[in-house]
Each structure stands twice: as structure tokens, then as C-alpha cells.
Amino acid sequence: MVPSLGNRRQQAIIAIAAILRLLSTVLLGTSMAVYIGRDASPFAVSLALTAYHLGMLLFAPVWGAVADITGRRRLVLVATTAFASVTIMPLAFSHGVWMQIGLRWLYAAFAAGFGSMMLTIVSERGGADRRGQSIGFYNSVTAIGGIGGRLLVGVLLGLFVPSTMYLLIAVLTAASAFAAAFVSDPTPNQTGDLNTSELVAEMRRRLLPSVGQRDHLSPNGLSWLYLGLILRNMTQKGIGSVLPIFLLAEVGVTEFIMGALLAVSPTLRTLFMYLLGRATDTIGRKPLIVAGLTGAGVQALVLTVVLIPSVLVARIGLLGLGFTIHAITFSALTTGSVAFIGDVAPQDRESELMGLRTTARGVGGVLGPLAVGAAATIWSYQVAFLGASGLAFVGAFVVARMLVESQHQAEQRTLIARLRN
């Protein structure tokens with residue numbers, strides 16, 4: 001089917017909003033790691049990413065539940081992104097280590113509203129028969145933001161003082177909110193509004209469900225997927241929290257080369273997200289999920305041997321291999337897991353379950369940097385990376401045993417709905 005003009009316009013708007021959102025996030029995370037690393041230990045560097053994922057963990061399901069209850073996903077999308085921009089502005093005037101860490105948490109509290117809202121919209125635009133392709137397109141364009149952020153950060157770190165860098169990040173985040181205001185939401189609208197007490201009660205019920213209200217977490221082993229995501233993110237986010245300072249201080253690359261290396265994975269993901277989005281509609285969700293979890297462990301193993309060669313070119317080659325593995329396996333896991341959730345989620349709780357995916361990743365993002373940062377400070381980066389690899393392998397094993405493929409059930413559900421209509 002040839003996309004209509006309106007559909008292409010919406011794809012362009014979604015792409016612009018997503019690219020700007022990830023561009024600003026990457027610039028913030030990488031530059032903050034370098035700024036803190038200049039004055040503090042690897043553990044302090046890791047705390048910045050821990051703060052970010054703590055904010056995502058606490059608030060992603062909140063925004064998802066609010067959107068599901070009110071049906072105003074676009075409003076939540078725009079408002080949270082705009083407030084995220086505001087939280088960065090104080091860093092243009094003061095940027096002590098602890099202030100950077102604290103505002104990184106506050107930024108995440110609002111930024112958490114973007115991912116689950118946009119993924120729900122994108123998932124619904126694709127439907128069951130083209131959900132993987134739709135998600136693949138979205139993930140490919142977000143990778144463009146990652147590429148730009150990583151390529152630019154090495155240059156901008158040499159050109160800008162911290163105040164200017166943080167002001168630029170705030171402006172880019174605000175531009176993402178402006179673009180998101182023009183996104184069309186295809187999800188069903190709720191009729192009527194909930195008052196504050198009803199909203200709080202409903203959020204409590206959804207975020208802390210009683211034993212008899214957890215059926216939406218059990219289809220096809222969904223809860224085990226969330227566990228796998230926690231373990232995988234403990235590996236990846238733990239390593240990622242110290243990676244910029246590891247590249248500069250231990251490997252010995254320049255800031256520009258650091259940025260180019262960090263751009264390898266998102267560059268390749270623009271291709272693999274699209275290809276694997278199509279693959280998940282063909283071979284199913286589970287194979288991609290298991291491959292993605294396994295690959296995270298393999299990448300960590302590659303990084304443990306980066307310092308063995310004494311020649312810088314050889315070190316850069318190993319890093320390139322590690323980031324290539326990350327691109328493939330991250331694409332597989334993201335596409336497979338989002339499509340899986342879209343398959344099994346009740347329509348009125350899809351944003352909530354997408355938000356819980358972000359929460360699961362946030363739990364790993366909180367625990368992983370603390371563990372890896374502490375291990376790198378006490379022992380060495382190699383010991384920290386080796387220990388992190390085992391977590392991903394455990395996650396892959398658990399998911400391979402417990403997850404049940406969802407693709408055919410989603411197709412049957414769509415067919416039944418069409419017959420009823």
C-alpha cells in the first residue's frame with residue numbers, strides 16, 4: 001500500500017519530534033558524563049545515569065496511566081517534553097556535580113512521558129499486520145537523533161562551555177515538544193474527565209495492582225520479558241554510564257573519536273531497526289528478543305578485552321565490533337519487545353504496559369550504573385564489564401524458557417475484530 005500524503009506528513013512530524021528528542025537526550029547524557037568525569041570518580045559519573053533512569057522508572061508508568069485514563073496522549077506527550085526542556089535551563093547558570101545529577105533526575109521525570117506515548121501512537125498506526133514495520137520506522141528515525149547527538153557531542157565539547165551546551169540542549173528539547181504538538185493520535189479517545197481523586201485512585205490501582213488485578217501482566221509470559229529487560233539494561237546502562245570517560249581516560253581516544261565511536265551503533269540501527277521491524281512480522285517476536293538479550297552479553301565481553309592491544313588502532317577496531325554488535329542486538333530487542341507488548345496488551349492499558357517497559361529498563365538503568373560504577377572504581381573497568389555480561393546471559397536464558405510467541409494470537413485477534421465490524 002502506498003502511503004497517503006497525510007500519512008507521509010504524519011511520519012515526517014513523528015520523525016522530527018523523535019530525532020530532536022533523542023538528539024537532546026544524547027547530548028545531555030554524554031556531555032554530563034564528561035563534565036562530571038573531569039572533577040569526580042567513575043562512581044559519580046555513573047550516578048548521573050542512575051538518576052536519569054530513576055526518574056524514568058518512577059514516572060514512565062505514571063504518564064502512561066494518565067494517558068490511558070484520560071485518552072489525551074498528545075497532550076501528555078507535549079506537556080511532559082516541554083517541562084523537560086525547562087528543567088535543563090538552570091544548568092546554563094550553575095552546573096556543580098550534584099546539581100547536574102539532581103536536574104538529570106528531574107529532566108527524566110518529564111522526559112519519561114515521551115517514549116511510552118509515542119510508541120503507543122506508532123504501534124496503533126501500524127496495527128497488528130504492520131506493527132513491526134511501523135515500530136521499525138520509528139526506531140530507525142530515533143537512531144538518526146542518536147547519530148547526530150554522538151557525532152556532535154565530540155565537536156561541541158571542544159567548542160562550547162558547559163553553560164552554552166546546556167542551553168542548546170534545552171532549546172532542542174523545546175523544539176521536540178513543538179513538533180509533537182502536530183502529531184495525530186489514532187488511539188481511541190475517552191469520553192469525559194476524571195477528577196483528581198478519581199485519577200489518583202485509578203493510577204494507584206494500575207501502578208500497584210492487587211493480586212487479583214494482574215492478569216494483564218501474565219499473557220504469554222509478559223512479566224518474564226520485563227525481567228529480561230531489567231537484566232539487559234543493568235548490563236548496557238551500567239557499561240554505558242562510564243563509557244565516555246572510559247574511552248577518554250583508559251582507551252586514550254580524543255573527544256572527536258569518542259563521539260564517532262559512540263555514533264557507530266545508532267548509525268547502523270537506522271538500517272537494522274527497519275530490517276528487523278520487517279523480520280519480526282515474518283519470524284515472530286521471541287527470536288529477536290532472545291537474540292537481543294544474548295547480544296548484550298556478547299558486547300560486554302568484547303569490551304573487556306579492548307585494553308589488551310597496546311596499539312590504539314586495534315583498540316578502536318574492537319570498540320567498533322562491540323558497537324556493531326550493540327546495533328544489531330539492540331534493534332532486535334527493541335523491535336521484538338515493543339511488538340510483543342503491542343500484541344498482548346489490552347487496548348485500554350497499552351500505554352501503561354509500554355510505560356512499564358520503560359520502567360523495567362529504568363530499574364536496570366538504576367541498578368546497573370551503581371554496580372558497574374562501583375566495580376570500576378574499586379577494581380577495574382574490565383572486571384566491571386565482565387560481571388555485567390553475566391546479567392544479560394541470565395536474562396536471555398530466562399526469556400528463552402518462559403516467553404510464549406505472540407504474533408499469531410495478535411493476527412487472530414485482529415481478524416476477529418474485522419469480522420465483527
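Predicted model: local features only at pLDDT ≥ 70, side-chain atom pairs only at ≥ 80, totals over all residues.

Me: Which residues line the second largest cavity, and which elements give two or more of them?

Reply: The lining is made of Leu229, Arg232, Asn233, Phe330, Leu333, Thr334, Ser337, Arg357 and Arg361. Helix 7, helix 11 and helix 12 are the elements that each give two or more residues, and helix 11 gives the most, with 4 residues. By class, this lining divides into 3 nonpolar, 3 polar and 3 charged residues.

Me: How many cavities of 30 Å³ or more are there, and what is the volume of the largest cavity?

Reply: The count comes to 2 cavities of 30 Å³ or more. The largest cavity has a volume of about 1200 Å³. Of the 48 residues that line the largest cavity, Leu22, Val26, Arg150, Lys237 and Arg361 are the closest to its centre.

Me: Which helix supplies the largest share of the lining of the largest cavity?

Reply: That is helix 4, with 11 residues. Helices that supply at least two residues include helix 1 (5-39), helix 7 (222-251) and helix 12 (350-378). The lining of the largest cavity has 23 nonpolar, 17 polar and 8 charged residues.

Me: Now for charge pairs. What is the general idea, and how many salt bridges are counted here?

Reply: Side chains of opposite charge can pair when their charged atoms come close. Here the count comes to 1 salt bridge. Arg38 and Glu255 form it through their side chains, at 3.1 Å from N to O. This pair links distant parts of the chain, with Arg38 in helix 1 and Glu255 in helix 8, 217 residues apart.

Me: How should I read a helix, taking helix 13 as the case?

Reply: An α-helix has 3.6 residues a turn, so residues three or four places apart point the same way. In helix 13, the buried residues include Tyr381, Ala384, Phe385, Ala388, Ser389 and Ala392. For length, the 22 residues of helix 13 should span 32 Å at 1.5 Å a residue, and the end C-alpha atoms are 33 Å apart, which agrees.

Me: Which residues form an aromatic cluster?

Reply: Phe59, Trp63, Phe83, Trp105 and Phe110 form one, and the structure holds 9 aromatic pairs.

Methods: Residues numbered from 1 in each chain as written. Heavy atoms only, no water. Expected span 1.5 Å × (residues − 1). Buried < 20%, exposed > 50% of the residue type's maximum accessible area, 1.4 Å probe, protein only. 1 Å grid on protein atoms, 1.4 Å probe; cavity = no way out; pocket = protein on both sides within 12 Å on 5 of 7 lines; lining within 4 Å. Points joined across faces, edges and corners; volume = space filled by probe spheres on them. Nonpolar A, V, L, I, M, F, W, Y, C, P; charged D, E, K, R; others polar. Phe/Tyr/Trp six-rings, centres within 6.5 Å; stacked < 30°, edge-to-face > 60°. Salt bridge = Lys/Arg side-chain N within 4 Å of Asp/Glu carboxyl O.
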